[in-house]
Amino acid sequence: MIKYYRFCLENGLRVLVHEDKSSPLIAMNILYDVGSRDEDPELTGLAHLFEHLMFGGTSRIPDFDKPLQLAGGENNAFTTEDITDYYITVPETNIETGFWLESDRMSDLDFSQKNLEIQKSVVTEEYYQRYLNQPYGDALLLLRSLAYKVHPYRWPTIGREVSHISNVNLNEIKEFFFSHYAPNNAILTLTGNITPDRAFILTNKWFGPIGKRNVKQRKLPKEPVQKEERRMDAERDVPASAIYKAWHTGPRRSKDFYVLDLITDLLAGGESGRLYTKLVREKKLFSEINAYITSDIDPGMMILHGRLMKGVDIHLAEESINQVIRDLKKRYPSDNEMEKVKNKFESSVIVSNSNILNKAMSLSYFELLGNTDLINNEIYEFRKTNKRMVAEVSAKYLNEENCSTLYYKSTRKD
Amino acid sequence: MTRSKRIQPAIRPVDLGKIPEARLFTLKNGVPVYLINSGTEDLVRMEFIFSAGKIKEDRPLLASTTNMMLSEGSKKYSSARLNSLMDYYGAFYKLSAERDKAGISVVLINRYLEKILELIREILFLPRFPEKELNALMKKRLSWYLVNCDKVHNIASDQLFESIFGKRHPYGRKLVPEDFNNMNPSLLSDFHKKYYSPSDMAVIVSGKIRKGTASLLNNYFGEMHPGAVCSEDTVYRMKSLARKKVHKNKSGALQTAIRIGSPTINKRHPDYPGLKILNTILGGYFSSRLMKNIREDKGYTYGISSSVSSLDLSGFKVISTEVSKKHTRKTIDEIYKEIRLLQKKPVGRDELRIVRNYILGEMVRMFDGPFAIAESFRSVWEFGLDNSYYYRFVKKVKTIDPDEITALAATYYNTDELHEITAG
């Protein structure tokens, strides 16, 4: 059991502490409740670009990384559709340096034109390196734009297009900071070799003086219910064709969430998943295939994608996927198969909780969801799922009219 | 906010302290088992290691294919059955064949230990290498390979290894599509018989090790006849290509991958810790010279790094990045500029202090938790070294002076010896 303490400062900063004396380190995680869903549709990629700028230093601390490295620490950050998360691990004796740095950049940033220009260029290179210059790299970007018409999930965290990143100006950056970066819009989690008392004293000392800010109210357009199937074809110079499918699902907090998660485990959990067993091993139609849920806070997606073996007809390949899906709705999984995916889920949670940084990230995220106890209850939630629920939830979401399909066709002749 | 509260906290010295030692336990047949007992969760990780890496293969793909086929059917279980049992017991296993070593690692919950040991024994010592599964695997591998051939970073890395280790050496040899037609079950069986023998096995167990774990290991692996260690290995000549600059064209690429590197010393060499420190300064952490210059000052790339790695018969160092085509030349020039600067101008005190503490912090992370300790143990054990390597390393980090770094840069980063590969 993971024991944690929770408190809230007057300025609204929520704090979680979990002491793990077995580690010589402390992990410090700050989650800001802002992601790419909070962006202007004409200025996408801003939340992620902003994450880069958070390392640009302040008027008081010109270089964020060096003092932390001097303290023996390491840090990084990531941005998703929903959140921006900054994390540090540092030897226990030097945790105060982490407090000093993180509270400083929460107070205010040094918005320099030069830093902005450089990070725009860095992020553009990131766009190329991770998406546009990779085989199949733009497929999920296309799928997203097909599945969502209104909600900001229609664009990816990296941005809808490179030009959005190059067009950002300093005023927009400043406004973004003061409307989203605030103690009352953040969750600070400390795990590892720290007592709750020490965490309380240090948090008050360093974050206490930062004033509450007016955080921009989130008013996101609701994605209308999809009523008919959507299809898109893309032709690319890749070695083999691929199929991508997305079904709309409920939000992260929906009661169906763990059932859907379990369904993707039945389909694609490990080498013994149904898709791999049937379509890769037995029928040899795909070289690889995967399925997962996006776990977004607003209504998300279940995504399934596979790369075809050479010479396989794409319609036949899709029909083979549909057959696996139909089977889910028609026939209850065996007790053995249900037990298998539940056991595997349990191990994956235990493995994740064997690391102080993972524990810090999970605690922050569950706190944001309003259910911090999930750190201990997730396994139980997952275990509650039964086979009748699998058939019902499959029938509810995995339908043609709720599905977007992308044919990613190879144009290569050889 | 009062001023006093904003004063930078004092930084206390970072120290690795005492490294937890692995306890050696020997099975009845002589197989060494290293036990690292710590951790908070009821988990263990077991790694079974053999000298069955690429270096032992007489044709491309043989080591990795033998390794991947281990779980494709055993005497008792079909591949589907093996995998569904592994999943049923919640175990995460990973087969791997590296350049020198090969084997399997598995993370599991203690209560299923005995079940998993039985499966591991099937996988490691009773594989059937069925032809149907082999053919399917080779087709899949060919299609993965073809996708990798479209990635500039793979094209550049493969070329670098060929350039520095030679076209014939298993460390350097590049794959061609025809290689995927050259496997058959009897080749795999032979390779398996020679190199997956208990006499050559070592086991590393880490995590919350329950009482009785060692005796269970004895039940499953200690009764086997150890077999002979194979001694008829082919010896390959390692020879760098004469041509130092190679460009691989990839039409339509938005970025060029750059790899600059050469063979170098490995962990067994006394200069290795110093070289690792030098590498950190050049490109081994976020505030490295290369990152500061090429990413944070010029914005040419999302990331640039340099690394030094050890192999059994050699070592290599490589600087890696991907940049927009128009910045390729400028980036390469800046890389050489940074190397020359390290050869000419001693590193300043402030920078050296940061690097020292950063590396010491990294070392604390390298021993945080049982799995990390096991990884760190393995990476010295496989070179015939022990934790004294890390203590020597720490001592070097604390005592190295700027002139020594300059001298190391001159010795080990001779720009005439570096191979420069671009793909894009």
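Me: Which domains does the domain assignment give for chain B?

Reply: Chain B is divided into domain 1 (23-222) and domain 2 (245-423). Such bounds come from an automatic or database domain assignment. The C-alpha centres of domain 1 and domain 2 of chain B lie 29 Å apart. Note that this is a predicted model: local features need pLDDT of at least 70, side-chain atom pairs count only at pLDDT 80 or more, and totals for chains, interfaces and linings use all residues. Residues are numbered from 1 along each chain as its sequence is written, while chains are lettered from A and ligands numbered from 1 in the order in which they are written.

Me: How many residues does the contact take from domain 1 and from domain 2 of chain B?

Reply: Domain 1 of chain B gives 24 residues and domain 2 of chain B gives 31. Two residues are in contact if their C-beta atoms, placed from the backbone, lie within 7 Å. On the domain 1 side, strand E2 (32-37), strand E3 (43-50), helix H5 (152-165) and strand E6 (202-207) of chain B give two or more residues each. Helices (H or I, at least four residues) and strands (E, at least two) are DSSP runs, numbered from the N terminus. H5(B) has the largest share of that side, with 10 residues. By class, the side has 11 nonpolar, eight polar and five charged residues. Here Ala, Val, Leu, Ile, Met, Phe, Trp, Tyr, Cys and Pro count as nonpolar, Asp, Glu, Lys and Arg as charged, and the others, Gly among them, as polar.

Me: How do you know that the span of H5(B) agrees with 1.5 Å a residue?

Reply: The expected span of a helix is 1.5 Å times one less than its number of residues. H5(B) has 14 residues, so it should span 20 Å. Its end C-alpha atoms are 20 Å apart, which agrees.

Me: What makes H5(B) mostly covered?

Reply: In H5(B), 12 of the 14 residues are buried. A residue is buried if 20 or more other C-beta atoms lie within 10 Å of its own, exposed if 12 or fewer, and partly exposed in between, with C-beta atoms placed from the backbone. Among the buried ones are B:Val152, B:Leu160 and B:Phe165. The buried residues of H5(B) pack against strand E7 (245-248), strand E8 (255-264), E10 and strand E11 (419-423) of chain B. After H5(B) comes B:Gly166, with a positive phi near 100 degrees.

Me: Why is helix H1 (residues 62-69) of chain B called largely enclosed?

Reply: Seven of its eight residues are buried, so the rest of the structure largely encloses H1(B). The buried set includes B:Leu62, B:Asn67 and B:Met69. The buried residues of H1(B) pack against strand E4 (92-97), E5, H4 and helix H6 (185-195) of chain B.

Me: What makes B:Gly303 partly exposed?

Reply: B:Gly303 has 17 other C-beta atoms within 10 Å, so it is partly exposed. B:Gly303 lies in strand E9 (residues 301-310) of chain B. Leaving aside neighbours within four places in sequence, B:Gly303 is in contact with B:Arg295 and B:Thr321.

Me: What makes H9(A) roughly perpendicular to H15(A)?

Reply: The axes of helix H9 (residues 257-268) and helix H15 (residues 387-397) of chain A come within 9 Å and cross at roughly 95 degrees. Angles under 35 degrees count as roughly parallel, over 145 as roughly antiparallel, 65 to 115 as roughly perpendicular and the rest as oblique. So H9(A) is roughly perpendicular to H15(A). Axes are lines fitted to C-alpha atoms, for helices over the stretch in contact, and angles run from 0 to 180 degrees between N-to-C directions. In this contact, A:Val259, A:Leu260, A:Leu262 and A:Ile263 in H9(A) meet A:Met389, A:Val390, A:Val393 and A:Ser394 in H15(A). The residues divide into seven nonpolar, one polar and no charged.
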